[in-house]
Amino acid sequence: MKFQGSKQYVATQDLMLAVNAAVTLQRPLLVKGEPGTGKTMLAEEVAAALKMPLLQWHIKSTTKAQQGLYEYDAVSRLRDSQLSDAESAAKVRDIRNYIVKGVLWQAFTAEQPVALLIDEIDKADIEFPNDLLREIDRMEFYVYETRELVQAKHRPIVFITSNNEKELPDAFLRRCFFHYIRFPDADTMRAIVDVHFPGLKKALLGAALKTFYDVRNLPGLKKKPSTSELLDWLKLLVAEDIPLEALQSQDEKVAVPPLVGALLKNEQDVTLFEKLVFMQRNNR
């Protein structure tokens with residue numbers, strides 16, 4: 001199985017090499033990069049290209065590793081035990097009726113190889129990755145309530161994304177193949193935009209990209225605009241039929257672009273950008 005990109009996802013050569021290296025090594029692919037650079041979409045597109053089902057586990061700050069394996073619903077069992085009918089009594093006697101299978105269990109027992117996305121692993125507490133070391137490494141786990149060992153029928157292709165909000169343990173990193181998605185250069189960005197807006201006029205795209213990179217390269221920004229925000233902005237420019245002249249300044253200096261709220265998402269960055277424009281206009 002080789003991933004060679006797709007029509008919907010512009011993958012650089014080094015990214016395709018990383019995906020295929022992880023598949024060859026049978027290691028999880030740990031993908032880092034700025035928010036909005038397509039980390040989650042990568043798993044979706046690889047699964048589609050390789051014609052594999054995709055199971056997704058989106059991590060929250062409250063997520064525990066055990067939830068990915070299974071959960072024992074003791075509350076439901078207690079409630080059913082208080083009922084007097086024979087059906088409830090029979091159900092209570094079999095503890096398997098109260099075992100809720102997690103995403104890893106589903107991936108391990110699938111009849112065909114699947115892709116598994118563990119999304120934004122850095123949102124969970126620091127022990128979360130360590131708690132999954134054995135399961136991801138050995139592709140098996142033990143269910144204490146039923147005294148059974150669940151082993152993977154097929155090793156899934158595992159994608160793990162991180163926004164770098166916290167460092168991951170070294171022992172966990174050692175078990176992964178790592179790739180950092182660099183922010184796209186102008187040529188790559190043109191290719192990405194062409195996938196989403198194939199009929200966009202070149203002059204408008206050129207002016208929009210110049211404005212976008214001018215905004216992004218402004219020193220001191222709290223949050224730089226991402227690829228997904230550029231696409232949102234272009235969608236608005238097209239929908240509102242913004243003329244090309246609105247994106248171009250005759251003196252080639254930075255100007256406040258129309259619909260800037262699609263690119264800058266907090267008041268500090270908007271104020272900083274407006275100050276830069278003011279200073280340039282007054283030649284300070």
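Tyr-142, Tyr-144 and Leu-149 together form a nonpolar patch on the surface, with about 350 Å² of accessible area. A patch consists of residues with over 30% relative accessible area and no salt bridge, where like charges are joined within 9 Å and nonpolar side chains (Val, Leu, Ile, Met, Phe, Trp, Tyr) within 5 Å. Accessible areas come from the Shrake-Rupley method with a 1.4 Å probe, and for residues only the protein chains shown count as cover. The model is predicted: local features need pLDDT of at least 70 and side-chain atom pairs count only at pLDDT 80 or more, while totals for chains, interfaces and linings use all residues. Residues are numbered from 1 along each chain as its sequence is written, and side-chain values use heavy atoms, with hydrogens and water left out.

Helices (H or I, at least four residues) and strands (E, at least two) are DSSP runs numbered from the N terminus. Tyr-142 counts as partly exposed because its relative accessibility is 36%; buried means under 20% relative accessible area, exposed means over 50%, and partly exposed lies in between (1.4 Å probe, protein chains only).

**Salt bridges**

The count comes to 13 salt bridges, each being a side-chain nitrogen of Lys or Arg within 4 Å of a carboxyl oxygen of Asp or Glu. Among them is the pair of Asp-137 and Arg-27, whose closest N and O atoms are 3.6 Å apart. This pair links distant parts of the chain, 110 residues apart: Asp-137 is in helix α8 (residues 133–138), and Arg-27 is in the loop between α1 (13–25) and β1 (29–33). Asp-137 is partly exposed, at a relative accessible area of 32%, and Arg-27 is likewise partly exposed, at 35%. Arg-27 and Asp-137 also belong to a network of salt bridges with Arg-175.

A salt bridge also joins the side chains of Glu-34 and Arg-216, at 2.5 Å from N to O. Glu-34 lies in the loop between β1 and α2 (39–49) and Arg-216 in helix α11, so distant parts of the chain, 182 residues apart, are linked. Glu-34 is partly exposed at 23% relative accessibility, whereas Arg-216 is buried at 7%.

Asp-125 and Lys-64 form a further salt bridge, with 3.1 Å between the closest N and O atoms. Because Asp-125 lies in the loop between β5 (115–119) and α7 (127–131) and Lys-64 in the loop between β2 (54–58) and α3 (65–69), the pair ties together parts that are 61 residues apart in sequence. Asp-125 is partly exposed at 28% relative accessibility, as is Lys-64 at 44%.

**Helix packing**

Helix α10 spans residues 186–196, while α11 covers residues 202–216 and α12 residues 227–239. Axes are lines fitted to C-alpha atoms, for helices over the stretch in contact, and angles run from 0 to 180 degrees between N-to-C directions.

| Helix pair | Axis separation | Angle |
|---|---|---|
| α11 and α12 | 11 Å apart | about 135° |
| α10 and α12 | within 11 Å | roughly 50° |
| α10 and α11 | within 11 Å | roughly 125° |

The angle makes α11 oblique to α12, and α10 is oblique to α12 and to α11. Angles under 35 degrees count as roughly parallel, over 145 as roughly antiparallel, 65 to 115 as roughly perpendicular, and the rest as oblique. The crossing is right-handed for α11 and α12, for α10 and α12, and for α10 and α11. A crossing is left-handed if the near helix is turned anticlockwise from the far one by less than a right angle, and right-handed if clockwise.
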